[in-house]
Amino acid sequence: MEETIGVTDVDAAQIPQQRGDQLLDSAVRYAEERHWDVFPGTWLEAEEGVERCSCGDAACAAPGAHPVKGDWATQATGSPVAARRMWQKSPKASILLPTGRTFDAIDVPETAGFLALARMERMELTLGPVTSTPDRRLLFFVLPGAGAKIPDLVRKLGWVPSTLDLVARGEGDYVAAPPTRMGAMGAVQWARRPTPANRWLPDAEELINPLAYACGREAAAARNRARV
C-alpha cells in the first residue's frame with residue numbers, strides 16, 4: 001500500500017517535494033513527469049511587512065494563488081520548455097493546474113478528506129495524488145469527467161448533493177499545486193504525492209462512496225453542533 005505523506009520509492013525523488021524546490025523546477029517537472037498542463041498565477045509581495053497578492057486587491061480571496069488574466073486557459077501548457085520560459089519570466093508566480101484536461105479534482109473539507117483517505121487505504125483502493133491546502137481542504141485527483149458524474153453518484157448513495165460539502169473541479173476550473181503559497185496561511189502540500197505508482201488515476205465512481213460518507217458525517221456533526 002502506498003504511504004500517505006511520505007514516499008519511499010526512489011523514483012519519487014523526481015517529483016517536486018512539498019517544500020524547498022523552486023517554483024520553476026516544480027512547474028517544469030509537473031509538465032515533464034506527469035504531463036500536466038501548468039500556467040503561472042499571481043504571487044505574494046511584501047508590503048510594509050505584510051505579504052499581499054500581486055493582483056493588488058487587499059481583500060483578495062486567494063492571495064498569491066489565482067490566475068493573472070481571464071484568458072488563463074489559453075496560457076496553460078504541457079510543454080516543459082514553455083513552462084520553464086514562463087517561470088523564468090515570472091519566477092515568483094504560483095503554479096496552477098487546469099482541471100478537466102488530464103484530471104479533475106474532488107474537493108472536500110480536510111477532516112472529511114483524511115477520514116475518507118484512511119478508509120480508502122484500508123479498502124486498498126487505487127488512489128491518485130491528493131493535495132492539502134492551507135484553507136483546510138483536500139483535493140483528490142481523478143479522471144476527467146467527474147463533475148458530470150458526481151451529483152448522480154451521490155444521489156444513488158442516498159445523499160442530497162446540496163447537503164454535502166463536496167465539489168468536483170473540472171473543465172474551466174483549476175487547482176493550485178505545491179509548493180504554491182496562499183497568503184499567510186501557508187503552502188499547498190501533498191497529502192499523497194505523485195509517484196510512478198499513481199500515474200494512472202482512479203475514476204470518481206471508485207472514490208465517491210468513502211468521500212460522500214465522510215462528508216455526510218461532517219455535515220451531521222455540524223448540524224449537531226449548531227443545535228447546542
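**A walk through the predicted model**

Glutamate 124 is exposed, with a relative accessible area of 63%; here exposed means over 50%, buried means under 20%, and partly exposed lies in between, all with a 1.4 Å probe and protein chains only. The model is predicted, so local features need pLDDT of at least 70 and side-chain atom pairs count only at pLDDT 80 or more, while totals for chains, interfaces and linings use all residues. Residues are numbered from 1 along each chain as its sequence is written, and side-chain values use heavy atoms, with hydrogens and water left out.

Let us stay with the backbone for a moment. Glutamate 124 has a positive phi, near 55°, in a residue other than glycine. You can find glutamate 124 in the loop between helix H4 (110-122) and strand E6 (130-133). Helices (H or I, at least four residues) and strands (E, at least two) are DSSP runs, numbered from the N terminus. Histidine 35 is not a glycine either, yet its phi is positive, at about 60°. Histidine 35 sits in the loop between helix H1 (23-34) and strand E1 (39-40), and at 53% relative accessibility histidine 35 counts as exposed. Another backbone feature to look up is the peptide bond from proline 178 to proline 179, which is cis, with omega near 5°. Proline 179 belongs to the loop between strand E9 (174-176) and strand E10 (189-192).

Now for the charged side chains. How many salt bridges does the structure hold? There are 9 salt bridges, each defined as a side-chain nitrogen of Lys or Arg within 4 Å of a carboxyl oxygen of Asp or Glu. One of them pairs aspartate 37 with arginine 101, and their closest N and O atoms are 2.8 Å apart. This pair links distant parts of the chain, since aspartate 37 is in the loop between H1 and E1 and arginine 101 is in the loop between strand E4 (95-98) and strand E5 (104-109), 64 residues apart. Arginine 101 counts as partly exposed, at 34% relative accessibility.

Arginine 137 is buried because its relative accessible area is 16%, whereas aspartate 165, with 37%, is partly exposed. Salt bridges with shared partners join Asp107, Arg137, Asp165 and Arg169 into one network.

Next, turn to helix H3 (residues 80-89), where Ala82, Ala83 and Trp87 are buried. Looking down the axis of H3, you would see its buried residues fall within an arc of 130°, so they line one face of the helix; the arc is that of the directions from the helix axis to the C-beta atoms. An α-helix has 3.6 residues a turn, so residues three or four places apart point the same way. On the other side of H3, Val81, Arg85, Gln88 and Lys89 are exposed. The buried residues of H3 pack against H1, E1 and E4, with contact taken as heavy atoms within 4.5 Å.

Finally, the aromatic rings. The structure holds 10 aromatic pairs. Rings of Phe, Tyr and Trp (its six-membered ring) pair if their centres lie within 6.5 Å, and planes under 30 degrees apart count as stacked, over 60 as edge-to-face and the rest as tilted. The rings of tyrosine 30 and tryptophan 36 have centres 5.6 Å apart and planes at 35°, so this pair is tilted. Tyrosine 30 and tryptophan 36 are both buried. For phenylalanine 141 and tryptophan 190, the ring centres are 5.9 Å apart and the planes are at 70°, so the pair is edge-to-face. Here too the pair links distant parts of the chain, with phenylalanine 141 in strand E7 and tryptophan 190 in strand E10, 49 residues apart. Ring pairs link Tyr30, Trp36, Phe103, Phe141 and Trp190 into a cluster.
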